[in-house]
Amino acid sequence: MDTAVVRDDMVDGIEQRAPLEEAVSQAMRTVPRHEFVEDRPYDNRASEFEGTRVLAPGLAGRLVSALSVDPDDSVLVVGVGVGYTAALLAELVGDRQVHAVDIVRPVVYESRRNLERAGYDGVLVDCRDGAGGLPEYAPYDRILVEAGAVRPPKRLLRQLTSEGRLVMPLGGGGREQTLVAVENDDSEGAVVDEFGPVRFRPLLVDGEQRSSPRNRTDREDAEFAKQGYFAPTGWEQEWIDWDEHL
């Protein structure tokens with residue numbers, strides 16, 4: 001099978017529904033997605049790996065387009081998954097300009113292997129709490145968060161350059177969210193653009209890995225909406241300081 005032809009067919013099908021930026025389209029026509037996804041890698045569909053959602057390629061392209069990178073930008077990906085989105089960014093800015101974190105250790109190992117096989121071994125992938133970012137390599141021109149939260153994490157905003165841009169799904173996990181671009185305004189971050197509805201799983205912190213309840217989806221988001229920031233009945237509050245994480 002000529003995978004270049006199959007990649008072109010995949011991108012052509014995606015662009016029939018929603019045109020991509022030319023540079024992003026070219027990156028998707030270049031990155032060998034079969035090194036990241038084994039089962040039907042060139043179908044425009046989501047899948048699962050180790051309890052982590054693998055984005056459909058069309059959605060990955062949409063995220064990268066919203067990020068609006070320039071050549072040589074320094075980029076952080078929070079929630080690297082199998083590594084495909086990081087590879088697209090590596091095509092656009094160079095692999096040594098891309099850093100990534102994920103809280104699930106088997107996913108980190110898998111993404112490292114996939115990126116190496118695909119020729120992007122310069123991408124640095126570490127196992128971290130995504131809300132804390134990767135301060136050792138900050139500041140970043142662009143940060144992409146592939147998980148939802150009710151507000152941009154403050155520690156990530158502090159890792160942006162003064163003219164940096166953060167793209168993430170804004171809203172509670174499990175319900176409709178909005179994909180937004182946020183710029184650093186030295187406070188909470190200012191939403192400067194919106195890219196329509198999405199649905200992502202919540203941004204996890206230590207204690208919420210696959211074997212633990214996704215309590216931010218099931219309980220705290222509802223309490224947050226009804227009672228404000230620290231819901232008095234939230235059992236989670238005894239061991240997670242959300243102000244520190246967000």
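Predicted model: local features only at pLDDT ≥ 70, side-chain atom pairs only at ≥ 80, totals over all residues.
Residues are numbered from 1 along each chain as its sequence is written, and side-chain values use heavy atoms, with hydrogens and water left out.

Pockets and cavities were defined on a 1 Å grid over the protein atoms alone: a cavity is a set of points where a 1.4 Å probe fits but cannot get out, a pocket is an open set with protein on both sides within 12 Å along at least five of seven lines, and lining residues have an atom within 4 Å of a point. Grid points are joined across faces, edges and corners, and a volume is the space filled by probe spheres set on the points. The second largest pocket has 14 lining residues, with F36, V37, E38, F49 and E110 nearest its centre. At least two lining residues of this pocket are supplied by each of β1 (47-49) and α5 (105-118), helices (H or I, at least four residues) and strands (E, at least two) being DSSP runs numbered from the N terminus. Its lining comprises 5 nonpolar, 3 polar and 6 charged residues (Ala, Val, Leu, Ile, Met, Phe, Trp, Tyr, Cys and Pro count as nonpolar, Asp, Glu, Lys and Arg as charged, and the others, Gly among them, as polar).

The largest pocket has a volume of about 340 Å³. It is lined by 15 residues, of which I14, A18, G58, L59 and R62 are the closest to its centre. Both α1 (3-17) and α3 (57-67) contribute at least two residues to the lining of the largest pocket, and the largest share, 6 residues, belongs to α3. By class, this lining contains 8 nonpolar, 4 polar and 3 charged residues.

Across the whole structure, 4 cavities of 30 Å³ or more were found. The largest cavity has a volume of about 350 Å³, and T52, G79, D102, E146 and A147 lie nearest its centre among 21 lining residues. The lining of the largest cavity divides into 9 nonpolar, 5 polar and 7 charged residues.

Helix α3 also packs against α4 (residues 84-93), their axes coming within 10 Å and crossing at roughly 45°; axes are lines fitted to C-alpha atoms, for helices over the stretch in contact, and angles run from 0 to 180 degrees between N-to-C directions. The two helices α3 and α4 are therefore oblique to each other (angles under 35 degrees count as roughly parallel, over 145 as roughly antiparallel, 65 to 115 as roughly perpendicular and the rest as oblique). In this pair, P57, A60, V64 and L67 of α3 meet Y84, T85, L88, L89 and L92 of α4, where contact means heavy atoms within 4.5 Å. The residues of the contact of α3 with α4 comprise 8 nonpolar, 1 polar and no charged.

Helices α1 and α2 (residues 22-30) pack at an angle of about 145°, with axes 8 Å apart. Their contact involves R7, D8, M10, V11, D12, I14 and E15 of α1 together with S25, M28, R29 and T30 of α2. This contact has 4 nonpolar, 2 polar and 5 charged residues.

Two backbone features lie in loops. Most residues other than glycine have a negative phi, and most peptide bonds are trans. S68, which is not a glycine, has a positive phi of about 55° and is located in the loop between α3 and β3 (75-78). A cis peptide bond with omega of about 5° joins A138 and P139, and P139 lies in the loop between β5 (124-127) and β6 (140-145).
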